[in-house]
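Q: I am new to this structure and would like to learn how its features are read, one at a time. Could we go through it together, with the general idea before each case?

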Amino acid sequence: MDPLCAFRTVDDAAAVAADMVTAGSRLQDIWRHAVIQLLDDYTSVLRHQGLEAAQAMWADRPRQSGDRRVDAAFAALGEYLARRDGWHASPWVRDPALEAVPWWFVTAFRGLHPQALIESPLSFRKRGVFITNGALQRA
């Protein structure tokens with residue numbers, strides 16, 4: 001998948017993430033180029049095509065990325081968006097195997113880890129992915 005194309009599904013983002021994992025990319029880069037780009041593309045679809053089209057992006061379970069932390073982040077984001085935007089999350093996002101091992105603090109700044117423990121939305125926290133309030137805010 002061309003990483004410069006818009007993601008149509010969570011599997012498109014997972015494909016890019018898998019390529020990045022294979023290439024040895026840093027987790028922070030995978031977060032930015034796969035997870036956050038998926039959030040941006042979801043937001044665009046939601047705004048321009050509506051809730052049904054945005055929800056459809058999450059219908060099918062994505063491929064594994066090769067890193068459990070990244071896979072957990074995709075599930076967490078899907079559950080978070082479903083709750084936030086009022087649609088039913090696909091059953092795959094509730095798979096208990098989609099847990100970050102070891103825990104993933106998305107920020108590299110260790111001083112922000114306690115803040116991330118507190119501020120992470122439940123869908124992320126229960127999967128062992130910890131983010132600060134601003135991590136999902138987009139301009």
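Q: Which residues is Thr 132 in contact with, leaving aside its neighbours within four places in sequence?
A: Contact means heavy atoms within 4.5 Å. With those neighbours left aside, Thr 132 is in contact with Leu 112, Gln 115, Ala 116 and Glu 119. Thr 132 lies in the segment after strand 2 (129-130), where helices (H or I, at least four residues) and strands (E, at least two) are DSSP runs, numbered from the N terminus. The C-alpha atoms of Thr 132 and Leu 112 are separated by 7.7 Å, although the two are 20 residues apart along the chain.

Q: What kind of model is this, and how are its residues numbered?
A: This is a predicted model, in which local features need pLDDT of at least 70 and side-chain atom pairs count only at pLDDT 80 or more, while totals for chains, interfaces and linings use all residues. Residues are numbered from 1 along each chain as its sequence is written, and side-chain values use heavy atoms, with hydrogens and water left out.

Q: How many residues does the largest nonpolar core have?
A: A nonpolar core is a set of buried Ala, Val, Leu, Ile, Met, Phe, Trp, Tyr and Cys residues joined through side-chain atoms within 4.5 Å; buried means under 20% relative accessible area, exposed over 50%, and partly exposed in between (1.4 Å probe, protein chains only). Here the largest such core has 41 residues, and those with the most contacts inside it are Trp 31, Leu 38, Trp 58, Phe 74, Leu 77, Trp 104 and Val 129. Two or more residues come from each of helix 1 (10-22), helix 2 (27-49) and helix 4 (68-85), with helix 2 giving the largest share, 10 residues. For Trp 58, the contacts beyond four places in sequence include Val 10, Tyr 42, Leu 81 and Trp 92.

Q: How do helix 2 and helix 4 lie relative to each other, parallel or antiparallel?
A: Axes are lines fitted to C-alpha atoms, for helices over the stretch in contact, and angles run from 0 to 180 degrees between N-to-C directions. Angles under 35 degrees count as roughly parallel, over 145 as roughly antiparallel, 65 to 115 as roughly perpendicular and the rest as oblique. The axes of helix 2 and helix 4 come within 11 Å and cross at roughly 25°, and the two helices are therefore roughly parallel to each other. Among the residues making this contact are Trp 31 and Leu 38 of helix 2 and Phe 74 and Leu 77 of helix 4.

Q: What is the angle between helix 1 and helix 2?
A: Helix 1 and helix 2 pack at about 170°, with their axes 9 Å apart, which makes helix 1 roughly antiparallel to helix 2. Val 10, Ala 13, Val 16, Ala 17, Met 20 and Val 21 of helix 1 meet Asp 29, Ile 30, His 33, Ala 34 and Leu 38 of helix 2. Val 16 and Ala 34, 18 residues apart in sequence, are 6.4 Å apart in space from C-alpha to C-alpha.

Q: Is Asp 41 buried or exposed?
A: Asp 41, placed in helix 2, counts as buried because its relative accessibility is 10%. Leaving aside neighbours within four places in sequence, Asp 41 is in contact with Ala 6, Phe 7 and Met 57.

Q: Which peptide bond is cis?
A: The bond from Val 101 to Pro 102 is cis, with omega near -5°, and Pro 102 is found in the loop between helix 4 and strand 1 (104-105).
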